[in-house]
Amino acid sequence: MAALTDSSGLARAPARGAVPRRSSRRRFNSAYLFVAPSVVIIAVFIAEPIVQSAWMSLHNWTIGAADNPFVGLANFTALWHDSRFWNALRVTVTYTGVVTVGQVGLGLAIASRLRRTTWYSSLLRTAYFFPFVASLVVVGIIWKFLLDPQVGLIDAWLSALGVSSPPQWLESTALALPTVIAVGIWKNVGFTMIVLLAGMQQVPADLYEAAMLDGAGPWRRFTAVTLPSLRPALLFTTLIATITGLQLFDLVFAMTSGGPTFSTESIVMYLYEKGFVEFQMGYASAIAWVLFVIILAVSAVQLRVARSRDGG
Amino acid sequence: MAASEMIAHRDLGSERLGRVPTRLPGRPRRVASLMGAPRWAARTGGALSWLVVVVGAAAILLPFAWMLGVAFRTNADLYTDPARLWPDQWTLHGVRAVLDQLPFTRLIINTFVFAGGTTVLMLLFDSMTAFALARLRFRGRNVLFLLILATLMVPFQVTLVPVFLTIYHLGWLNSYQGLIVPRATSALGIFLLRQFFRQLPGELDEAARIDGAGNFAIYWRIILPNAKPVLATLFIIQFAALWNDFLWPLVISSQTQMQTLPAALTLFSSQSGVDHAALMAGAAISLTPLAIAFLLLQRYFVQGVATTGIK
């Protein structure tokens with residue numbers, strides 16, 4: 001099929017002003033016209049910037065400066081000694097770990113409850129999936145004011161229940177990150193649920209019938225049939241949750257702007273501060289590359305673990 | 001005997017158990033799963049888990065209900081009784097205020113142009129490239145495909161600083177072309193469409209070629225019409241993602257006149273003494289197009305998430 005496509009495609013090409021090639025009997029292949037727009041955009045706005053970013057991370061690069069001197073790995077050694085970066089890393093990793101476990105665990109529990117399609121489980125699925133269409137910043141804004149001590153519903157309800165001094169959710173350095181984490185899970189649990197439900201639909205009913213014939217109860221059927229069949233979907237949701245978690249930005253920006261006193265400042269938040277507020281773009285590029293390496297490493301470990309489990 | 005078993009099935013509260021006997025009327029009914037768990041425990045457990053799921057769904061929807069309530073009540077009303085979910089008296093104050101305090105119509109247009117324009121170009125360019133990668137042969141095809149896959153791994157933040165500088169040097173900051181052009185192709189879209197195009201039968205192209213169709217005619221008249229459902233799904237998912245996008249428009253557009261809704265609303269929300277009703281009205285309006293699309297086209301949203309998920 002491929003060969004046929006090729007030869008006939010070439011035969012048609014000259015009709016549209018083909019450019020003959022010197023050293024070849026082949027003539028201009030119109031396939032290049034098809035890939036041209038994407039190739040140009042990827043080259044200019046993805047590929048070249050990747051190289052440029054690596055280059056910039058080795059320079060003391062400030063926008064508008066007359067000179068951007070080469071500094072070798074100085075940006076990376078500075079990062080190593082930068083306690084604000086380590087704090088951002090801790091915040092990001094904590095958020096990612098808890099949100100991933102929370103959203104996959106809760107998503108799995110809800111999906112198994114709503115597995116069968118009835119009118120009420122469809123309604124509940126819609127409710128859980130609804131936050132998927134809201135932007136992270138709108139979600140962040142709503143929750144920020146929902147938790148506001150003056151106008152927020154949560155504190156008002158808590159004091160109605162007799163709680164004299166409701167917690168200072170986003171104003172407290174101890175509680176701000178857990179609050180952001182809870183909102184992150186709240187936002188993402190429906191996404192996980194949908195992907196897992198789609199995975200569950202593909203589990204053959206025979207497997208359940210066979211398990212029941214063998215006398216397996218609901219829990220046993222869940223662990224012996226549902227979970228193993230869901231492995232690809234679970235791996236996918238875990239990977240996506242991890243990768244998007246490590247890129248945490250929108251939610252924090254809208255809810256806390258990284259505060260109070262950096263207690264919710266994520267890596268990308270710090271990158272934004274350095275690159276687009278302080279315009280230290282070499283340093284910001286170094287942060288971006290460290291983030292890239294962390295994402296690659298974590299994804300590789302997860303894939304590795306998944307594969308070794310498959311083998312064993 | 002049969003009657004008591006049916007009661008037992010009901011008591012378990014498990015739909016699947018209840019369904020199996022009706023689907024297989026010839027076979028003996030199975031009560032194996034009842035073993036070990038007393039009937040009352042299973043019943044309570046089932047009811048309890050439904051209760052948790054229903055309360056959870058209410059907790060998911062409550063913030064949105066509250067947002068609507070605040071959008072349509074006066075700020076004085078809100079401060080007097082913040083424990084009330086709905087306004088005493090409904091008012092359009094918030095909607096008027098947000099139109100007043102932000103160039104809101106302009107923001108809506110910007111967001112539509114950015115999300116719509118980018119998605120249309122993205123689908124066009126992605127499908128063209130995917131068509132060439134899947135159905136045509138040309139030198140460098142495999143290398144190109146590998147390069148596109150490789151860019152998928154690199155997080156967006158790595159390219160953000162250099163792309164910002166490029167846009168700055170082009171003089172494209174605070175412009176539609178600056179917002180749209182760099183995002184007008186997506187490696188993920190190319191990848192997904194290529195996988196789909198490869199599954200279409202080769203006879204489609206061959207028959208068209210015998211009839212004298214060229215590559216462009218095959219792409220436009222054969223491949224694209226066959227890919228309509230996939231393109232619709234991709235359109236919805238990409239449009240939603242761009243409508244909600246934050247960091248990119250925040251960096252490219254600093255002038256309020258050229259901002260999109262998420263960025264403008266966030267900056268608005270961080271002003272001290274912000275008008276709560278105006279803010280929540282703005283949030284509600286920015287949510288409305290996608291919420292309506294979601295309720296009407298839920299299947300496409302689910303499909304989009306699931307197909308990009310299961311592959």
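Student: How do I read the packing of α2(A) and helix α7 of chain B?

Tutor: Two packed helices are described by the angle between their axes and the distance between the axes. In this predicted model, α2(A) and α7(B) (residues 141-153) pack at about 40°, with axes 12 Å apart. Axes are lines fitted to C-alpha atoms, for helices over the stretch in contact; angles run from 0 to 180 degrees between N-to-C directions. Helices here are DSSP runs of H or I, at least four residues, numbered from the N terminus.

Student: Which word describes the orientation of α2(A) and α7(B)?

Tutor: Under 35 degrees is roughly parallel, over 145 roughly antiparallel, 65 to 115 roughly perpendicular, the rest oblique. α2(A) and α7(B) are therefore oblique to each other.

Student: Which residues make the contact?

Tutor: Contact means C-beta atoms, placed from the backbone, within 7 Å. α2(A) supplies A:V35, A:I42, A:I46 and A:A47; α7(B) supplies B:L144, B:I148 and B:T151.

Student: How many residues does each chain give to the whole contact?

Tutor: Chain A gives 90 residues and chain B gives 82. On the side of chain A that touches chain B, helix α2 (residues 31-57) gives the most, with 16 residues.

Student: How do I check the span of α10(B)?

Tutor: Expected span is 1.5 Å times one less than the number of residues. Helix α10 of chain B (residues 187-199) has 13 residues and reaches 19 Å from first C-alpha to last, close to the 18 Å expected.

Student: What about numbering and confidence?

Tutor: Residues count from 1 along each chain as its sequence is written; chains are lettered from A and ligands numbered from 1 in the order written. Local features need pLDDT of at least 70, side-chain atom pairs count only at pLDDT 80 or more, and totals for chains, interfaces and linings use all residues.

Methods
Contact = placed C-beta atoms within 7 Å. Helix = DSSP H or I, 4+ residues; strand = E, 2+ residues; numbered from the N terminus.
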